[in-house]
Amino acid sequence: MRIALFGCGTLGSYIAKRLKAGVSGDCQVVGVLDAPRPEAAEVLAKEIECAVAADIESLLKLSPEVVIEAATRESVWECGEECLKKGASLVVLSSGALLDAAFRSRLVEQAKKAKKKIYVPSGALGGFDVARAAYLGGNLRACLTTRKPPRALAMEKDQGTSAEPTTVFSGNAIDGIELFPKNVNVAASAGLATGGPEGLSLTLMADPSLDSNIHRLELEGEFGKATVEIQARPMPENPKSSALAALSVLALLARISSPLEIGG
Ligand SMILES: NC(=O)c1ccc[n+]([C@@H]2O[C@H](COP(=O)([O-])OP(=O)(O)OC[C@H]3O[C@@H](n4cnc5c(N)ncnc54)[C@H](O)[C@@H]3O)[C@@H](O)[C@H]2O)c1
């Protein structure tokens, strides 16, 4: 499968190098793009031996079958439709971009027209097979609690210096994502998996005792109850992101390029 990548930061670089190592099976990275940091794209392309693109048009001229976004939600708004139009499926890591309902429906329409797919990987959380099934069962109540070391959140908002765990946000997932757009893609993905982020309750905590990001998704509905808790180690290069987010993209690519599919 021919893969292109935009965003050559922490997650993008990790994904590209592991694809090159063959962890997702028959996937070849044909080109990479990093608009704000072209030097990062150059370094990565040299290491994994692929083309560097200066813009999205040049990236799409390499005829990728799948384009991975590992950049920002704004980049999804800018480039998402173009990728689908040019015949590539799209993997969206900055899933907060899909909370804009008008944009999401335009993107879905474009995917239908092009007969391509938009994939939202499970990212730094998981259990989306259960969440989707639970939603179909009806009367679903979904709550996500994310706890992070203060340094992961301090990049977006001043958290002060409390030695105690502090709740920095509690409320509707949509409002939380507006306040912490780089930290709560997990909430966006969980919201999409549970029938809409407006129905997802989100609590975001800064906890100085942690060196991992902890996400706990609690579901209750007609199906019964489920709790998914993930303790995901932050990437040293970027404590806002977890390696699990990159691994989930590698697992997704392995799944869609394989004839054997495991899990819902
Ligand atoms: N879905 C999840 O569970 C999950 C988990 C962690 C991170 N994320 C998201 O994934 C994205 C990547 O995370 P990261 O840790 O690698 O971030 P990062 O800051 O390390 O890297 C992002 C890279 O994208 C580049 N970039 C920005 N705008 C671009 C554009 N328009 N075109 C091309 N490149 C562009 C930047 O220059 C940077 O090199 C972020 O939006 C992050 O919030 C999602």
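**Ligand shell, domains and strands**

Colleague: Which domains does the shell around the ligand draw on?

Modeller: The shell takes at least three residues from each of domain 1 (2-119 + 243-256) and domain 2 (128-232), where the domain bounds come from an automatic or database domain assignment. Please keep in mind that this is a predicted model, in which local features need pLDDT of at least 70 and side-chain atom pairs count only at pLDDT 80 or more, while totals for chains, interfaces and linings use all residues. Residues are numbered from 1 along each chain as its sequence is written.

Colleague: How many residues surround the ligand, and which are the closest?

Modeller: The ligand is surrounded by 30 residues, and the closest are Gly 7, Gly 9, Ser 75, Gly 123 and Ser 241; a residue is near a molecule or strand here if its C-beta atom, placed from the backbone, lies within 6 Å of it.

Colleague: Which helices and strands supply at least two residues of that shell?

Modeller: At least two residues each come from α1 (10-20), α4 (73-85), α9 (185-193) and β13 (238-242). Helices (H or I, at least four residues) and strands (E, at least two) are DSSP runs, numbered from the N terminus.

Colleague: And how do the shell residues divide into nonpolar, polar and charged?

Modeller: There are 13 nonpolar, 13 polar and four charged residues in the shell around the ligand, with Ala, Val, Leu, Ile, Met, Phe, Trp, Tyr, Cys and Pro counted as nonpolar, Asp, Glu, Lys and Arg as charged, and the others, Gly among them, as polar.

Colleague: Back to the domains, then: how far apart do their C-alpha centres lie?

Modeller: The C-alpha centres of domain 1 and domain 2 are 25 Å apart. Eight residues from domain 1 and 11 residues from domain 2 take part in the contact, and two residues are in contact if their C-beta atoms, placed from the backbone, lie within 7 Å. On the side of domain 1 that touches domain 2, the residues divide into four nonpolar, three polar and one charged.

Colleague: What about the largest nonpolar core, which residues touch the most other members?

Modeller: That core has 76 residues, and those touching the most other members are Leu 5, Ile 15, Val 32, Ile 68, Ala 187 and Ala 190. A nonpolar core is a set of buried Ala, Val, Leu, Ile, Met, Phe, Trp, Tyr and Cys residues joined through C-beta atoms within 7 Å; a residue is buried if 20 or more other C-beta atoms lie within 10 Å of its own, exposed if 12 or fewer, and partly exposed in between, with C-beta atoms placed from the backbone.

Colleague: What is Ala 187 in contact with?

Modeller: Leaving aside neighbours within four places in sequence, the contacts of Ala 187 include Leu 144, Ala 173, Leu 200 and Leu 202. Leu 200 and Leu 202 also belong to the covered face of strand β9 (residues 200-206), together with Leu 204 and Ala 206, whereas Ser 201, Thr 203 and Met 205 form the uncovered one.

Colleague: Which way does β7 run against β9?

Modeller: Strand β7 (residues 141-148) and β9 run parallel and are joined by seven bridges, with Ala 142 opposite Leu 200. Strand β8 (residues 166-172) and β9 run antiparallel, joined by six bridges, and Ser 170 has Thr 203 as its bridge partner in β9. Two strands pair if DSSP finds at least two bridges between them.

Colleague: In what order do the six strands of the open sheet come?

Modeller: The order is β3-β2-β1-β4-β5-β6, with parallel pairing. The edge strands, each pairing on one side only, are β3 (51-52) and β6 (118-119). Strand β2 (residues 28-33) pairs with β3 over two bridges in the parallel sense, and Val 32 stands opposite Val 52.

Colleague: Where is Glu 49 placed?

Modeller: Glu 49 sits in the loop between α2 (38-48) and β3, and its phi is near 55°, a positive value in a residue other than glycine.

Colleague: Why does Glu 49 count as exposed?

Modeller: Glu 49 is exposed because it has 9 other C-beta atoms within 10 Å.

Colleague: Last one, is Pro 239 buried or exposed?

Modeller: Pro 239, which is in strand β13, counts as buried because it has 20 C-beta neighbours inside 10 Å. Not counting residues up to four places away in sequence, Pro 239 touches Pro 149, Arg 151, Ala 152 and Pro 234.
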